[in-house]
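The following exercises are to be worked with the sequence and the coordinates at hand. Each task is followed by a stepwise solution.

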Amino acid sequence: MNERNGFDERLRQARAREGLDKRPEGRGNLPQGPWGIGLRAGVEVVSALGVGIGIGFLLDRWLGTWPWLFLVFFVLGSVAGVGNVYRLFMPRPGGK
Amino acid sequence: MAVEGKTIDALSQFELSPVLGVFGHAVSFSQSNLFMVVAVALTWFLMKATADRGALVPGRLQALGESAYEFIQGMVRDQVGDEGKKYFPFVFSIFMFVLFGNLLGMLPYAFTYTSHIAVTLTLAAVVWVSVTVIALQRHGMHFFSYFFPEGAPTWLAPIIIPVEIISYLSRMVSLSVRLFANMVAGHVMLKVFATFVVLLGGLGAVGPFIAAMPLAVNVALVGFEFLVAFLQAYVFAILTSIYLHDAVHLH
């Protein structure tokens, strides 16, 4: 009896592994410790801010509008950084 | 080497210098490149040893190769789904290259090529560009709807679209900075505490006893660095698969 139950379970697992059955979609299981999350959030904010500042600075150099585009993209970069952290904790609803 | 005139010189370990004599000078073949070649060769030998033997009950080397293979295979399958199978070789190559880079750096006299932003940024750029190309291939022009979520009010478009584009570009930066910063910080700490051992050891009769404290810290740090070496390679690979998931499924 026990043997048969074990077989069904293994068959189900094997079918899921080979993609014959649909599997529930799992989403990232990154390191969940406080340090992991904290460092990740920090890196996300800084990198988005850096990209925003970089784009603003380059556009200003190109168009000669210093410092207006720099300021605009500084704000946009901060928003993107906060957005990244928000997405870190509230992943987009899966499925669709 | 580390101690020059009683100062702490923690950053010279990241300097590049040509190796292999005249040949190295001619083509600027640095120790960073040398260790990249070593990492690729080791990966190749490990995989060859795994595939050649093919024993039903694996030996040590085969078990190592198989567990690395199955680890990444399972990760890609869980993160990307069944469509992700064809991207497995890409993720596996990236993972092994980063992992061997981090681990080779733990050997004395070795060079950690993942501690250079130029290397990690190139790796991240390769990931970013391939993910974007895959998304464009699978979804065509529909890919650009990624930058404007459905249901958002249209008048917000001038704000949301630049923010989403910056956020998409920042993936490349955060992926590279995370790996680079972790490796640099770890190796600088190791070097600083190792220098403390030397400096304090020279304090006469009591020196060796005081020097035992930074030495103990360094022993713990080496263990911690091995953890970081594995963890950062894992994080790099899993983020690659998460980005692949976004490219394949495109919310």
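Helices (H or I, at least four residues) and strands (E, at least two) are DSSP runs, numbered from the N terminus; the expected span of a helix is 1.5 Å times one less than its number of residues. The model is predicted: local features need pLDDT of at least 70 and side-chain atom pairs count only at pLDDT 80 or more, while totals for chains, interfaces and linings use all residues. Residues are numbered from 1 along each chain as its sequence is written, and chains are lettered from A and ligands numbered from 1 in the order in which they are written.

**Exercise 1.** Describe the overall make-up of chain B.

Step 1. Chain B contains seven helices and zero strands, in the order α-α-α-α-α-α-α from the N terminus.
Step 2. Its C-alpha trace spans about 75 × 55 × 40 Å along the principal axes.
Step 3. A residue is buried if 20 or more other C-beta atoms lie within 10 Å of its own, exposed if 12 or fewer, and partly exposed in between, with C-beta atoms placed from the backbone. By this criterion, 31% of the 251 residues of chain B are buried.

**Exercise 2.** Carry out the span analysis for α2(B), and examine its surroundings.

Step 1. With 23 residues, α2(B) reaches 33 Å from its first C-alpha to its last, close to the 33 Å expected.
Step 2. Its buried residues are B:S32, B:F35, B:A39 and B:T50, and what covers them includes α3 and α4 of chain B.
Step 3. After α2(B) comes B:G54, with a positive phi near 60°.

**Exercise 3.** Where does B:S28 lie, and is B:Y109 buried or exposed?

Step 1. B:S28 is not a glycine, yet its phi is positive, about 55°; B:S28 lies in the loop between α1 (21-27) and α2 of chain B.
Step 2. B:S28 is exposed, with 9 other C-beta atoms within 10 Å.
Step 3. B:Y109, also not a glycine, has a positive phi of about 70° and lies in the loop between α4 and α5 of chain B.
Step 4. B:Y109 is exposed, with 5 other C-beta atoms within 10 Å.

Note on methods
Contact = placed C-beta atoms within 7 Å.
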